[in-house]
Amino acid sequence: MRCPFCGSEDSQVKDSRPSDENAAIRRRRVCSDCGGRFTTFERVQLRELTVVKRSGRKVLFDRDKLSKSISVALRKRPIEPERIDRLVSGLVRQLESSGETEITSAEIGELVMAALRELDPVAYVRFASVYRDFRDAADFHAVLRELAADTLDPLDSDERFGSGRDEAAIQKKH
């Protein structure tokens, strides 16, 4: 393992232990040349995944990129980091066990949106706004109505978000 401090290829493992509910191994290392200490993680990878972008371009799947995009959606939300890690690990396991080596970015986006919808509705809306490329407030309105329909009585969602019929009646009165 290359030392992040001096670039040397020679390091020794001083300690190993399971991490992330035994889904990874945490290794504490020491560089033989500079004495720097650093930690690495090893994870089981069932298969190498390739992401097919909307443009048709293919790139290697990057767990860190997935983790960062989920973390951005969950920024300043009351969700523990361990829960985010479990969410990411679950999504990666789902992708790897699908049997496919190529997965579209759309499939990944839909899986993330479904997971965030269950975990935190605010994070879901944040992620959806970027993933679905919201252009105006009407896009947010549509997603909020969708969420409200799942969690509230339909009458409550009309009262909270206004229905087109009621708004037209209000306009006629004024």
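Some housekeeping, then. Residues are numbered from 1 along each chain as its sequence is written, and side-chain values use heavy atoms, with hydrogens and water left out. As the model is predicted, local features need pLDDT of at least 70 and side-chain atom pairs count only at pLDDT 80 or more, while totals for chains, interfaces and linings use all residues.

Okay, helices. Helix H1 covers residues 63-73 and helix H3 covers residues 105-119; helices here are DSSP runs of H or I, at least four residues, and strands are E runs of at least two, numbered from the N terminus. The axes of H1 and H3 come within 12 Å and cross at roughly 40°. Those axes are lines fitted to C-alpha atoms over the stretch in contact, with angles running from 0 to 180 degrees between N-to-C directions. So H1 is oblique to H3, oblique being whatever is left after under 35 degrees (roughly parallel), over 145 (roughly antiparallel) and 65 to 115 (roughly perpendicular).

Who does the touching? From H1 we have Leu-66, Ile-70 and Ala-73, and from H3 Ile-108, Val-112 and Leu-116, where contact means heavy atoms within 4.5 Å.

Now the loop. Asp-33 sits between strand E2 (24-31) and strand E3 (37-43). Is Asp-33 buried or exposed? Exposed, because its relative accessibility is 57%, and the cut-offs are under 20% for buried and over 50% for exposed, with partly exposed in between (1.4 Å probe, protein chains only). Leaving out residues up to four places away in sequence, Asp-33 touches Cys-6, Ser-8 and Asp-10. Ser-8 is 25 residues away in sequence, yet the C-alpha atoms of Asp-33 and Ser-8 are 6.8 Å apart.
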